[in-house]
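Please look over the structure below with the sequence beside it, and keep both in view while reading the numbered points of this note.

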Amino acid sequence: MESAIPFGKKELVDGRLRVYYYGYWIKAYEVPADTLLAKKRLIEALTRRLFNHVEHGLNVPGSRLDEARRALEVESDPERRRVKGAMLAGCLFNRAADIFTKLVEVQALGVKIAPDNALMRECGEHLQEALTLGRLVLHRSGEEGLDELWGEPFKAFAFPIEEFYNSRYIKIAQSMQAIDGLRDELIETFAGTPSFEGVQQLLRDFAHAAKIKCETLRTDADIFDVWTSFVTSAERLAAFRPLLPTDAPLADRHQAEDGMQLIVDGKNLTSYVTRARVPMPKSALELVERCRAFRQRYAAAPARIVA
């Protein structure tokens with residue numbers, strides 16, 4: 001039985017090492033040695049990924065930390081404080097990365113860096129403060145925050161690298177659950193609607209490609225095919241058009257327009273989840289509610305199909 005499989009179990013599946021979490025066998029990758037250099041590279045990669053997914057303007061150099069803190073302290077307007085707090089969070093991440101880089105350089109000279117080193121403590125404090133301020137930051141879409149992304153560099157700093165990898169597999173599995181949930185909700189929304197015949201398979205294909213992209217690192221040899229499949233399946237879904245006769249009544253046209261907006265928004269949200277590799281529950285719930293409202297609104301009068 002699926003429930004009998006322990007979380008974290010690793011197994012070769014079709015010649016590829018995979019790890020099991022929440023009903024999914026996820027691609028597993030070799031864990032690097034737990035060194036300061038490995039942590040530095042991991043934190044740098046996680047910080048780049050963070051800035052790639054959050055709102056613009058947060059990648060403030062660590063050298064401007066005092067300026068960023070003062071800018072927040074003197075601000076009284078709530079909306080402006082949110083943005084300045086988000087900028088301070090980004091600055092703190094960069095300052096922590098600066099410190100960690102220098103520690104690695106010193107270690108390369110043969111100097112032993114103890115865990116209780118003053119700069120190590122300062123680095124951890126900066127990451128912890130940035131994590132606290134991360135709740136102020138929005139996803140680049142403006143829809144909701146991504147608290148999980150703000151916590152990742154701190155986890156990479158504070159915990160063994162293998163433990164960090166395991167936490168990422170859990171988030172990937174949860175992201176796959178979110179992708180499947182969005183797919184199923186959209187399929188149910190258009191089931192039995194003649195004008196949307198054919199969109200169900202496009203939704204399945206896109207979700208399948210999205211889950212593969214979600215579990216695949218950019219350094220993987222398969223990334224060229226994986227990314228291409230993800231992009232082209234998204235393009236095919238976005239290119240879908242409802243089948244309506246030329247003399248379709250206004251109500252049918254409204255149904256087609258509303259349905260296509262749901263499909264496009266669902267595609268976009270699935271893409272956000274896939275690329276960030278974290279679920280976005282607030283945005284997903286809003287889309288589910290819109291799908292259910294759509295089904296209720298048009299249940300009595302499905303649009304006619306082209307003869």
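1. The model is a predicted one, in which local features need pLDDT of at least 70, side-chain atom pairs count only at pLDDT 80 or more, and totals for chains, interfaces and linings use all residues. Residues are numbered from 1 along each chain as its sequence is written, and side-chain values use heavy atoms, with hydrogens and water left out.

2. Helices (H or I, at least four residues) and strands (E, at least two) are DSSP runs, numbered from the N terminus. Helix α6 covers residues 161–190, and because its 30 residues at 1.5 Å a residue should span 44 Å, the 44 Å between its end C-alpha atoms agrees with expectation; the expected span is 1.5 Å times one less than the number of residues. Just after α6, glycine 192 takes a positive phi of about 80°.

3. The largest pocket has a volume of about 920 Å³, and of the 26 residues that line it, Ala45, Arg49, Leu217, Arg218 and Arg277 lie nearest its centre. Helices α1 (36–53), α6 and α7 (199–215) each supply at least two residues of this lining, and α1 gives the most, with nine residues. On a 1 Å grid over the protein atoms alone, a pocket is an open set of points where a 1.4 Å probe fits, with protein on both sides within 12 Å along at least five of seven lines, and lining residues have an atom within 4 Å of a point. The volume is the space filled by probe spheres set on the points, which are joined across faces, edges and corners.

4. Lysine 39 is in helix α1, and it counts as buried because its relative accessibility is 11% (buried means under 20% relative accessible area, exposed over 50%, partly exposed in between, with a 1.4 Å probe and protein chains only). The C-alpha atoms of lysine 39 and alanine 158 are separated by 9.7 Å, although these residues are 119 residues apart along the chain.

5. Aspartate 14, in the loop between β1 (10–13) and β2 (16–21), has a phi near 55°, a positive value in a residue other than glycine. Aspartate 14 is exposed, because its relative accessible area is 81%.

6. Tyrosine 22, in the loop between β2 and β3 (24–27), likewise has a positive phi, near 50°, in a residue other than glycine. With 33% relative accessibility, tyrosine 22 counts as partly exposed.
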